[in-house]
2 protein chains.
Amino acid sequence: MGRADLANTSCPVSRVIERVGDPWVLMILREAFLGTRRFDDFQVQTGVSPHLLSQRLKQLCEDEILQRRAYNAHPPRYEYLLTDKGRDLWPVIIALRNWGQTWLGGKTTTLTHKGCGVQMDPVMCCPDCGAPLGARDVQADLSPDFEKERKTRREGKG
Amino acid sequence: MGRADLANTSCPVSRVIERVGDPWVLMILREAFLGTRRFDDFQVQTGVSPHLLSQRLKQLCEDEILQRRAYNAHPPRYEYLLTDKGRDLWPVIIALRNWGQTWLGGKTTTLTHKGCGVQMDPVMCCPDCGAPLGARDVQADLSPDFEKERKTRREGKG
DNA sequence: AATGCTAACTTCAGATTTTGAAGCGTGTCA
DNA sequence: TGACACGCTTCAAAATCTGAAGTTAGCATT
């Protein structure tokens, strides 16, 4: 199958994973959320090789998660900024952070909700009743198409 | 640096990424949350090669994200179950799902909050005031240690 | 006008990882 | 006796990644 084929399933999770489910992409995103914008800074802070960084940044720009912008014309200098689409990946990074804090220990960032001024760790909630949500609190139902797709895969194998 | 060195930083995000920031690990987790437990099912549904699947499952068990359990003694048959630690990764998968739905389209799962019976998409919220949270609503402050670590990296380069 | 510096990359060879097909061990069922 | 299921393992070929070095473009200093 190969990683590229993840994009061809109907499952949005797979399709996202094809784009951002890569350690370096995630590191780049973490950096971007910390305010990093420049090639060399991404490189130093993530430790990725320049070759790969270059590739990943290109991909991220193609996917419109980042936007490459000249901040200086002479000499030409570029920076990478999160787009709205990219900024929307914030919950992914926060979810990783929360898990890391809980299960691996270490606390390197404190988050403050600007609205109410309190220090906190964001939580997944039900938008309707506001209750905090865990895996056990939610029931997932698959769409008929997705069920069919999964069944086909099961049969195609046997 | 190499991917393995991500574990050596003080940032919990990097350390999590070292463990779960891999496309196949994420796919395995998605499957696990959909109820998949067996080797061949993981293989068919994720499309990963058996070799890699075997490696990844081993890693995930070492990290106590999954638990390998015999469900049949003769012949010996095993299944892989999420541990509490693993189940706590649910927000990561949900965050990916939400982004995929919003930005890539396609809806393969409907989520229902068992508590209030409503269909919804979970949202990151402030646990204190309950407001939904985006990247712009939260201020991140780095710990002095983390600041120092980042500064060292910057200087070590120049 | 030569030297050095910065930023944003690109290039390339060697090392590592991944894929995909095939095979294996143990046991059940017909 | 033969076919099949499950949970893997093995291996060679292909793809990807690393790390060091180089490149381009321009400014600043000597």
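Guide: Angles of 65 to 115 degrees between axes count as roughly perpendicular. The model discussed here is predicted.

Visitor: How are H2(B) and H3(B) oriented to each other?

Guide: Helix H2 (residues 23–33) and helix H3 (residues 39–46), both of chain B, pack with their axes 10 Å apart and at an angle of about 115°. Angles from 65 to 115 degrees fall in one class. H2(B) and H3(B) are therefore roughly perpendicular.

Visitor: Is the crossing of H2(B) and H3(B) left-handed or right-handed?

Guide: The contact is made by B:Trp24, B:Met27, B:Ile28 and B:Glu31 from H2(B), together with B:Phe42, B:Gln45 and B:Thr46 from H3(B). These contact residues comprise 4 nonpolar, 2 polar and 1 charged. Where H2(B) passes H3(B), the crossing is right-handed.

Visitor: Which helix of chain B gives the largest share of the side that touches chain A?

Guide: Between the chains, 81 residues of chain B are in contact with 81 residues of chain A. On the chain B side, the largest share is 15 residues, and these come from residues 90–104, helix H6 of chain B.

Visitor: How many nonpolar residues does that side of chain B have?

Guide: The side of chain B that touches chain A includes 20 polar and 18 charged residues. In the nonpolar class, the number is 43.

Key. Residues are numbered from 1 along each chain as its sequence is written. Chains are lettered from A and ligands numbered from 1 in the order in which they are written. This is a predicted model: local features need pLDDT of at least 70, side-chain atom pairs count only at pLDDT 80 or more; totals for chains, interfaces and linings use all residues. Two residues are in contact if their C-beta atoms, placed from the backbone, lie within 7 Å. Helices (H or I, at least four residues) and strands (E, at least two) are DSSP runs, numbered from the N terminus. Ala, Val, Leu, Ile, Met, Phe, Trp, Tyr, Cys and Pro count as nonpolar, Asp, Glu, Lys and Arg as charged, and the others, Gly among them, as polar. Axes are lines fitted to C-alpha atoms, for helices over the stretch in contact, and angles run from 0 to 180 degrees between N-to-C directions. Angles under 35 degrees count as roughly parallel, over 145 as roughly antiparallel, 65 to 115 as roughly perpendicular and the rest as oblique. A crossing is left-handed if the near helix is turned anticlockwise from the far one by less than a right angle, and right-handed if clockwise.
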